[in-house]
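Thanks for coming. I will go through a few strands and a few single residues, so please keep the picture in view.

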Amino acid sequence: MKYQKIIIVMMLLLTATPILSQERVAKADRGNRKYRKEGTHNGNLVETLFYNFGEVAWWGRQPSGVWPRGSGHSYMDGITPIVVTEVVNDQGDILYMCEAGYRELMDVSPTGVERGWQPRPNYANPNQDNIAMSDNPNSWPASWPDKDASWNGYWNGYFGKRTNADQESYFVLDDDSDDGHDFFPDSTDETRRGLGLRVGVRGFQWSNVLAEDLIFWHYDIKNEGTTIYQKMIFGMYVDVGVGGQYDSNDDNASFDLQEDITFSWDTNEIGEGGWQPTGYCGYAFLESPGNPFNRIDDDGDGEEGSPVITANMVIGEMPENGIDDNGNGLIDEADIHVGFKYADGVDNNNDGRIDEMIDERRDDGIDNNGDWDPERDDVGADGLAGTGDKGEGDGIPTPGEPHIDDTDKNESDQIGLTAFDVFFIGTGVSFYEDAEIWNRISYSHFDTKLQNGNIAFLYGSGLFPLKPQLTERFSVCLVFGENQADIFRNKQVVQEIYNENYNFARPPDLPQVWAVPGDHRVTLYWDDTAEKSYDPFMDPAYDFEGYKIYKSTDPGFLDARIITNAFGEKTFLKPVAQFDIRNEVFDFFPLDYQGTKIYMGDNKGLQHSWIDTDVMNGKTYYYAVVSYDRGDAPLNMYPSEKNPIIVRDLNGNVILDKNTVEVTPQAPAAGFNTGGLQDSIAHVEGFATGNVWIQVLDPLLVEDFRYQLSFSDSAGSDSVRYQLMNTTTLDTIVHNSPFVHGEDSNPIFEGMRLFVMTDSIEWDGHNSGWIQGDCNVPINVEHRYKFASRRHGYPSSYEIRFGEVDTSWWFSPRFEVDFTVWDVNEDEEVLFALEEPNVATRDSAVSPGDYIRIIMKDGAIPREVWRINFLDPFGGVDPILPEDGDVLYIQIKTPFRSGDVYEFGTKRAQVSPIAVNDDLEKIAVVPNPYVVTARWEPPRLFATGRGERRVFFIHLPTTCTIRIYTIGGDHVRTIEHDSSMLDGSEPWDLTTKDGLDIAPGIYIYHVQTPDAGEKVGRFALIK
């Protein structure tokens, strides 16, 4: 009886047609071809175009599934998500409908519109052509159609107003353009066509080494109509392209049910143009649709102790009709389900819950798997702590918070991979052949017979019901590896990330990096943005550790990826420099990744600039300053760093991220005088002995200004602060800075950075000694008593002046001596005592073996602060004792304090007209002779073979005209040179004014400056 009631309820759920609370979508807000946009995912080693009508990659366009990024090695000709279902129209006809979004093989209406997925408006900035990306706020709309005004200016994240991955994309599409079937999905709106489906699409990329070879694609598919779909399948169409667009005739594809992954590879492992070996491209099924209505534990995570389906329970059931034919309480059980758990209405594990995780759902408001943590997850519907929004801090799960419903993938009774079918391109499998698609991915169809050709394949998950206003989702991952074992390893990591609901440690934010070319040098400098990064998944959350600098002559940093794992696969980039915080994190990270350990640094301290002198003038270099965190070995969390991203399009244009630069070092222009300090930094007030210096990072930003640096220690001796003022403009450049130990943490101003290194209180033997007279008695000074804080007379430097009578002070009786001791900082005499340990030589005069105590009172207590020991001369020479008029200077290192003031001036860079003419004789052509090629020549874009030929004219003035002639006087080419002061070079591609290659031979060049200065020279071209 119990099961009969359940069956009746289930049948009512599956047959009733709801007519209330339907989501009415205005025609103007539905999918339309005119809203199509393009995007590029390149947040790690995977780089690909994708489109907001569903397609990922595009045959003939690049990058299309390129791995590793920047290589041009393409693995995909195109993929698209598909939905296929069986429907019955108003005439009782059984129809099969397939929805897809692809560049070809689509059913097209008489108006020229593809009948399938089209993008909905207002999910990206309408004034540009790019899909909304998390790392480009300019691509976002002013407001999100699916969110209220409180989300304006925030990323529309899956887990709230934040990003989970290092790079995310988001768009929404629907199937309203599919008007080619006699079917209407919404009984309340006859204008709605297709299946009435809305699809939210999200891409996720992490740059962490564990996830750098993949892209997650997440699809939320909602039934906005009134039709109950009892037989629905979600899947993908994959046009294999391992090796490139013109290397498609030797591809293969297969699947692995245990790993829930499909994958493709190339037969001869040789890609287009000869690159090899090709790797593997996988499509991992991470989350499939769920079936919460069949009382079967489809994904194997149900209540422990539950009974399992036997072969006898399948008898009499007709699979995939949505009906409990044999009356045992289960719906559509089949041979594939034998051994699966099922719901029996009993608390089998005695935890107070019945049949938990058997038919779990992500839309019931229930924490089905019990992993919602009030201490961690009670952050409210917007997913952000501290905003006070709905549900925050109320002690109960709220949809939108972590680990509940939509944000917990485990609250879905997933079906898994149920179909796979391989076929040759051009064999009639088209998206307008709906029934053909249905037959290939329904009823557990698996077919891998066709291989080693120009192939595509379909895979899917189903059947399952989708009721009105409910959402099902599937998530796939595009994953790459050097071989099958590698993609399987990557898939396992992928699944772990996904099982944690995309909660994955993130690298620190990107620093802003600048590059300054010089003569055989490149200067990099960057800000400290990364050091303030917050990662809610780490403990401590502020886990920034350091910077790595990567250098390459390739925008994809391929020549820097030389560190291999234990399998011989190139895994890590090798940095040319690394700077890390001085803390307990250094040396190698405790855990190895595939047999390789990650180096955390050597505690050398942070730096925010670096100079590379291992460069060639005229050669282009790419640099990335990458921030990394410290990881967490106990949690098996590896250190995270964001991969360098530089994109070069088909036209050769380079698009840089904020932490990457492209730079070509060159000699400066003729007559160049660099910007920097006018003269030395003057200590105009105070007695500090520390060091102050200016580092010029970008000489072109330096201006003609005066500056004043002043110190204050009003808060105590250990908290000295300083400020730097531009006394020309009266602007405060550095305010209340505490960095007095040589840190490069002060802000950059006019292309410069201020450094301050204070001194500790100790004797400075190098700068102490006899400054008047011929005395040769050396000294050694001991610091005998240290006051807790600075005070009048401490610390100070001293002079011992001989010939002036004073009294030795300490114990009675006091006696006269022939010298006085002066505090030169305070300009006053100090208390002292002469000690003569050798009784035989006591004469109240200084000689070797004696010492002088400098005394200061601590309240009423006299303290010996310094002891000056007089030693025997070096080398055994006879001592020359001090005489009247001799002066001994004792330098005591003194920290910065109130009253210390420094001043300096700066001068801007300029070109001297007089120096220009003097430098004209330096003008030359390099290389000379030019033989076949030069090392700085750039490679060809997306092709093999040599690149553009080049020679350089060097040491040119900023503006001049270069004329080139044959040895016989025929005019070859005229080049107008106009450059910055830092670049005195001009490239020439060895072509004539008519665009023809020049012949071998001797050529004459003539350089003419605007003020009539000129230089004539010759060079040779040898082929």
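I start with an open sheet of 6 strands, which has mixed pairing and the order β4-β3-β10-β16-β14-β15. At its edges stand β4, residues 94-99, and β15, residues 446-447; each has a single partner strand, so one side of each has no neighbour in the sheet. Keep in mind that this is a predicted model.

Now to one pair within that order. How do strands β10 and β16 pair? They pair in the antiparallel sense, over 9 bridges, with β10 covering residues 229-240 and β16 covering residues 455-466. To find the pairing on screen, take methionine 232: its bridge partner in β16 is phenylalanine 464.

In general, strands of a sheet pair through backbone hydrogen bonds, and the pairing is either parallel or antiparallel.

Next, a hairpin. Strands β18, residues 513-518, and β19, residues 521-526, are antiparallel and share 6 bridges. Valine 513 has tryptophan 526 of β19 as its bridge partner. Between the two strands of this hairpin there are 2 residues, and histidine 520 in the turn has a positive phi of about 60°.

Moving on to β47, residues 887-890. Which way do its side chains point, and are they buried or exposed? Val887 and Tyr889 point one way, Leu888 and Ile890 point the other way, and all are buried. As a general point, side chains in a regular strand alternate between the two faces of the sheet.

β47 pairs with β39, residues 769-772, through 3 bridges, and the two run antiparallel. There, glycine 769 is opposite tyrosine 889. β47 also pairs with β41, residues 798-808, again in the antiparallel sense, over 4 bridges. In that pairing, tyrosine 798 has isoleucine 890 as its bridge partner.

Two loops remain. One lies between β34, residues 691-696, and β35, residues 706-712, and holds phenylalanine 705. Phenylalanine 705 has a relative accessible area of 17%, so this residue counts as buried, the cut-off being under 20%. Its C-alpha atom is 9.7 Å from that of glutamate 750, which is 45 residues apart from phenylalanine 705 along the chain.

The other loop runs between β7, residues 167-174, and β8, residues 197-205, and glutamate 190 is found there. Is glutamate 190 buried, partly exposed or exposed? It counts as partly exposed, because its relative accessibility is 48%. Glu190 also gathers with Asp90, Asp93 and Asp182 in a surface patch of negative charge.

That is the end of the tour.

Note on methods
Residues are numbered from 1 along each chain as its sequence is written. This is a predicted model: local features need pLDDT of at least 70, side-chain atom pairs count only at pLDDT 80 or more; totals for chains, interfaces and linings use all residues. Side-chain values use heavy atoms; hydrogens and water are left out. Patches are made of residues with over 30% relative accessible area and no salt bridge: like charges are joined within 9 Å, nonpolar side chains (Val, Leu, Ile, Met, Phe, Trp, Tyr) within 5 Å. Accessible areas come from the Shrake-Rupley method with a 1.4 Å probe; for residues, only the protein chains shown count as cover. A salt bridge is a side-chain nitrogen of Lys or Arg within 4 Å of a carboxyl oxygen of Asp or Glu. Lys and Arg count as positive and Asp and Glu as negative; His and the chain ends are not counted. The place of a charge is taken as NZ of Lys, CZ of Arg, CG of Asp or CD of Glu. Buried means under 20% relative accessible area, exposed over 50%, partly exposed in between (1.4 Å probe, protein chains only). Two strands pair if DSSP finds at least two bridges between them.
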